[in-house]
Amino acid sequence: MRPIHGGNLAWAAAVAGCSPSEILDFSASINPLGPPKSAIAAIQAHLGELSAYPDPNYGELRTALGQSHQLPPEWILPGNGSAELLTWAGWDLAQFAKTFLFTPAFADYYRALKAFGAKVQQCPLELEVRGDVTFAGLNVSTESSLLPTSECGLLLNNPHNPTGQMFSRETILPYLEQFALVVVDEAFMDFLPPDEAQSLIPVVQEYPNLVILRSLTKFYSLPGLRLGYAIAHPDRLQSWQQRRDPWSINTLAAAAAVAVIQDREFQQQTWKWLPSARIELFEGLSQISGLQPYRSSANFLLVQTEHSSSALQKHLLQHHRILVRDCLSFPVLGDRFFRVAVRSNAENKRLLQALLIAKYYD
């Protein structure tokens, strides 16, 4: 079955006829520089604690995250990846008459909302390219809804997946005054240095109706550990804690998280690497006939293609053992878009060479 998420190497290997370790994965937007040495060291140092249960309140991790964001620890709830916390955000959003969702949207948003019967109002992004910049307009359309937005929720992500567009903090702030609950997924915000990021974390204590979701797995290249956290009013997070299964984060994942959020060297290394690597990949894709990449603030690029993206994906797997992310799980985009992660310069060049050859696939 075709996966709805990136990074399914077992499926890709079956298509390519090779082992998963032979696949060059551009489908999952994971930092190619990691995992950090600090994470590995922390895991090794805590192996002796596997015979005991983790702290159910994750006090050390919440304190470390609070110090990182200059927030009291009770405003932070770690989770088994941000996907777990998205589930509980979906629960809360389902309590409202309707949830507005900007599209194209990550497939897991639909999963979390439908799990609890939330009614979804889709709001298409207005995406266009003007010269060197990609613009996406945030415009909540209420024409088909007779409900005031004060009785509704809003779910969006910033930077946006899969377009890579980043919205300014000022663009989102008015919605916090309009909607009963606003959930902002900032899974890729870490890829921007603090002076460029547009996170809403600095204002979260001013808005009890704001929930921010963050991921530790993409930036720190630790998707196998499942690490994420939510930032929101303590009352909301306490209700989530009471609702979910106990010990959702294992001891080794919690230890790795504490280590990496203090790893300034790795953070600076990533911020130094990404901009030039992203530009080179964008320019390389732009030079290939039939492809139109979009500018991005994240560590991935959305690419429009004149050919079938699913056929292209199959060709790249079978002939080059390269996996790109098709956009079939984004219904608004369909079979004429694909997404690629920004990887090392050598790996990016390998992808570009394969795409040049792939112009001639059947």
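Author: A salt bridge is a side-chain nitrogen of Lys or Arg within 4 Å of a carboxyl oxygen of Asp or Glu. In this predicted model, the side chains of Asp335 and Arg336 meet in one, at 3.8 Å from N to O.

Reader: What about Glu347, what does its side chain meet?

Author: The side chain of Arg343. That salt bridge is 3.0 Å, N to O. Arg343 counts as buried because its relative accessible area is 15%, under the 20% cut-off. Glu347 is partly exposed, at 23%.

Reader: Which residues are linked in a network?

Author: Asp92, Arg236 and Arg243. Salt bridges link them.

Reader: New topic. Where is Asn80?

Author: Asn80 is in the loop between strand E2 (76-79) and helix H4 (81-93). Asn80 is partly exposed, with a relative accessible area of 31%.

Reader: What does Asn80 touch, leaving out residues up to four places away in sequence?

Author: Arg226, Ser248 and Ile249. With Ser248 there is a polar detail: the side chain of Asn80 reaches the backbone oxygen of Ser248 at 3.1 Å.

Reader: And how far is Asn80 from Ala254?

Author: In sequence, 174 residues. In space, 9.9 Å, C-alpha to C-alpha.

Reader: Last thing. What pLDDT does the protein chain average?

Author: The average is 91, and 91% of the residues score at least 70.

Reader: Which element has the lowest mean pLDDT, and which the highest?

Author: Strand E6, residues 133-137, has the lowest, at 45. Strand E9, residues 210-215, has the highest, at 98. Arg214, from the bridge with Asp190, sits in that strand E9.

Reader: Where does pLDDT stay under 50?

Author: Over residues 129-135. For that stretch the model has 15 contacts beyond four places in sequence.

Terms used. Residues numbered from 1 in each chain as written. Predicted model: local features only at pLDDT ≥ 70, side-chain atom pairs only at ≥ 80, totals over all residues. Heavy atoms only, no water. pLDDT = per-residue confidence, 0-100. Helix = DSSP H or I, 4+ residues; strand = E, 2+ residues; numbered from the N terminus. Contact = heavy atoms within 4.5 Å. Buried < 20%, exposed > 50% of the residue type's maximum accessible area, 1.4 Å probe, protein only. Polar contact = N/O pair within 3.5 Å; in protein donor to acceptor, adjacent residues only side chain to side chain.
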